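Dear colleague,

Please find the structure below, followed by an account of what was found in it.

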Amino acid sequence: VAKMSAPTMEERKACWGARDELWQCLDRHGDDASKCEKLRLDFESRCPQQWVKYFDKRRDFLKYKEKLETEGYHPSEAAGKS
């Protein structure tokens, strides 16, 4: 059983820095993960696994929210038809 301990300030900064670099790379390459593989590995090695999951979901949410704000809400054609 792995003991969960809170990351130190230095570990948090390293994690957040790795996340920011990865996200910038993904933004530059249109979310092409293959172009950011090294940064992805760095991010995963510097952050607790739970944080990696959280930040991945957070990025997806922020991208979705940004799309809604720029394109508006478009219900799918299938919605409401049964």
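Glu44 and Arg40 both belong to helix α2, 4 residues apart, or about one turn of the helix; helices here are DSSP runs (H or I, at least four residues), numbered from the N terminus. The two side chains form a salt bridge with closest N and O atoms 2.8 Å apart, the term requiring a side-chain nitrogen of Lys or Arg within 4 Å of a carboxyl oxygen of Asp or Glu. This is a predicted model, in which local features need pLDDT of at least 70 and side-chain atom pairs count only at pLDDT 80 or more, whereas totals for chains, interfaces and linings use all residues. Residues are numbered from 1 along each chain as its sequence is written, and side-chain values use heavy atoms, leaving out hydrogens and water.

Arg40 also forms a salt bridge with Asp56, at 2.7 Å between the closest N and O atoms. Asp56 lies in helix α3 (residues 49-71) and Arg40 in helix α2, so this pair ties together parts that are 16 residues apart in sequence. Arg40 is partly exposed at 25% relative accessibility, and Glu44 is partly exposed at 37% (partly exposed lies between buried, under 20% relative accessible area, and exposed, over 50%; 1.4 Å probe, protein chains only).

The structure holds 8 salt bridges. A network of them links Asp27, Asp31, Arg59 and Lys63. Another salt bridge joins the side chains of Asp32 and Lys35 (3.7 Å, N to O); Lys35 is exposed at 52% relative accessibility, while Asp32 is partly exposed at 28%.

Yours sincerely

Methods: Helix = DSSP H or I, 4+ residues; strand = E, 2+ residues; numbered from the N terminus.
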